Amino acid sequence: MPFMNCNSVNIKSSGPNPIMQTQLITTTIPVPTSVNQMQADVIAALSSQGEPLRWSITKVQSGLLYIEAIVTCDGEA
Amino acid sequence: MTSPYTVGVIVPTGVGAVIGGYAGDALPVVRAIAQVADRVITHPNVMNGASLYWNLPNVLYVEGFGIDQFAAGAWGLQPVRRNRIGLLLDRGIEAELRWRHLQVADAARATLGLDLTDYVVTDEALTVELRSADSGATWGTIGNPDSLLRAAAKLIALGATAIAVVVRFPETTDAAALQAYRHGQGVDPLAGAEAVISHLIVRQFRIPCAHAPALSPLPIDPAISPRSAAEELGYTFLPCVLAGLSRAPQFTQQPHQGIWADSLDALVIPASCCGGSAVLSLSQTNTQIITVAENTTRMQVYPKDLGLQTLSVRSYLEAIGALVAHRAGITTASLAAGDIAPLQCSP
């Protein structure tokens, strides 16, 4: 059985600008009146800061949803 | 005839779950549930025990971003007999550590008969930064996500149908947190960043993916917790990832192919973790959500906080009983002590 080989073709950058960045975001939003609306509201709040990649509501307190998330966004090379 | 009884099991990554927050220590839960379900859908954090893993033919190994898409009804799961795995290595991994991982991959080919493409090294070091948020959950950011995605694209071009990623993680600078984790307390300092890496690839390419961190071996510690001990066994955490990915289902957007959320009968989660995407999606469906109280986490989002209708149980043992009753079509109230209220005439 031959050893695994490293593919030798260089991987070129897709372009000089923009480059993707990952950012940790924490935010709060009011608790929606309907649970049906909750996920859409969270995503809308995060989308103002980037494309949501992974998120969670971490607590509910005083009428607010506390949210932590990683979003991706375009930055400068 | 009824459709295959299908159960989802989620223990979110990096939230300090007392069961499943360490090194594959929710695997016994899935092994037990797999005995009472026809199919179980779960994610790498539950199944991965570094050098330890367990082959369960009726368990579908699905990365977390894919689980969220599945729960939302956006993606289906198409079981496969095997995947061809592409191994993606971070350029930031030192030569000796890279060899350790390559030898695991070659060993998996020789001993398990797994199918791998040639490997790819990223064109830049990926530069992971570990983060901890106010909740106590761990997260992470990646310095060069484009480099990660370019390498994944290369593997797919080589024929990979699943991607195993190994990224050099920083040696944890918080010695107290690391010691707590190794002793079975606290939050896995790496887990949140690991999820970000695999989410990036699954989101971009809709392909099965899982991650193993590359780290220098730690000094021997006789007080290691059994829950964390799986990560002390070898030089890498890669074996479980390769085993899991070898049969991980593919994602489909063809409505009449594969398994879709409308066939998920039940979902088992820690009671404090109701604030994730998959739970919110499934709360709007016929899936029975079962919340387990004793699997505490750093999250503080309980069903009552969001107005979710769930079945609350104390332990995973009780959850397994609830699944058996649910599968049999028996209301849990019929199994409890005490009077059953007489039916009333509805106004």
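1. A residue counts as buried under 20% relative accessible area, as exposed over 50%, and as partly exposed in between. B:Val324 has a relative accessible area of 42%, so it is partly exposed. This residue is placed in helix 11 of chain B, which covers residues 316-328. Its C-alpha lies 6.5 Å from that of B:Val36, although 288 residues separate B:Val324 and B:Val36 in sequence. The model is a predicted one, and the points below should be read with that in mind.

2. Chain A has 1 helix and 3 strands. Read from the N terminus, the order of these elements is β-α-β-β. The chain has 77 residues, and 40% of them count as buried. Among contacts in chain A with a separation of 6 or more, 55% are between residues 24 or more positions apart. The accessible surface of chain A is about 4,300 Å², and carbon and sulfur atoms make up 50% of that area.

3. Two residues, one in each chain, deserve a look for their backbone angles. Most residues other than glycine have a negative phi. A:Ser62 has a positive phi, near 50°. A:Ser62 sits in the loop between strand 2 (51-61) and strand 3 (64-75) of chain A. With 73% relative accessibility, A:Ser62 is exposed. In chain B, the phi of B:Thr127 is likewise positive, near 60°. B:Thr127 belongs to the loop that runs between strand 7 (120-121) and strand 8 (128-132) of chain B. Its relative accessible area is 45%, so B:Thr127 is partly exposed.

4. The buried residues are B:Leu238, B:Pro239, B:Cys240, B:Val241, B:Leu242, B:Ala243, B:Gly244 and B:Leu245. What do the buried residues of helix 8 of chain B pack against? They pack against strand 3 (59-61), strand 5 (84-89), helix 4 (95-112), strand 6 (115-116), strand 10 (162-168) and strand 11 (209-214) of chain B.

5. Strand 10 of chain B, one of the elements that helix 8 packs against, is itself mostly covered, with 7 of its 7 residues buried. The cover extends to both faces of the strand. On one side are B:Ala162, B:Ala164, B:Val166 and B:Arg168, and on the other B:Ile163, B:Val165 and B:Val167.

6. B:Tyr22 lies in the loop between strand 1 (6-9) and helix 1 (27-36) of chain B, while B:Tyr181 lies in helix 6 (residues 175-182), so that the pair links parts of the chain 159 residues apart. Both B:Tyr22 and B:Tyr181 are buried. Elsewhere, B:Phe65, B:Trp75 and B:Phe251 make up one aromatic cluster.

7. Charged side chains also meet rings. Which ring does the charged end of A:Arg54 sit over? It is the ring of B:Trp139, in the other chain, with 5.2 Å to the ring centre. Within chain A, A:Lys59 lies over the face of A:Tyr66, 4.6 Å from the centre of that ring.

8. B:Thr252 is part of strand 12 of chain B (residues 250-252). Is this residue buried or exposed? Its relative accessible area is 7%, so B:Thr252 is buried. A polar atom of its side chain lies 3.0 Å from the backbone nitrogen of B:Gln254. Leaving aside residues up to four places away in sequence, B:Thr252 touches B:Ala74, B:Trp75, B:Gly76, B:Leu77, B:Gln78, B:Gln257 and B:Trp260. One of these, B:Trp75, is also a member of the aromatic cluster with B:Phe65 and B:Phe251.

Key
Residues are numbered from 1 along each chain as its sequence is written. Chains are lettered from A and ligands numbered from 1 in the order in which they are written. This is a predicted model: local features need pLDDT of at least 70, side-chain atom pairs count only at pLDDT 80 or more; totals for chains, interfaces and linings use all residues. Side-chain values use heavy atoms; hydrogens and water are left out. Buried means under 20% relative accessible area, exposed over 50%, partly exposed in between (1.4 Å probe, protein chains only). Helices (H or I, at least four residues) and strands (E, at least two) are DSSP runs, numbered from the N terminus. Contact means heavy atoms within 4.5 Å. Rings of Phe, Tyr and Trp (its six-membered ring) pair if their centres lie within 6.5 Å; planes under 30 degrees apart count as stacked, over 60 as edge-to-face and the rest as tilted. A charge sits over a ring if NZ of Lys or CZ of Arg is within 6 Å of the ring centre and within 35 degrees of the ring normal. A polar contact is a pair of N or O atoms within 3.5 Å; within protein, one must be able to donate a hydrogen and the other to accept it, and residues adjacent in sequence count only if both atoms are side-chain atoms. Accessible areas come from the Shrake-Rupley method with a 1.4 Å probe; for residues, only the protein chains shown count as cover.
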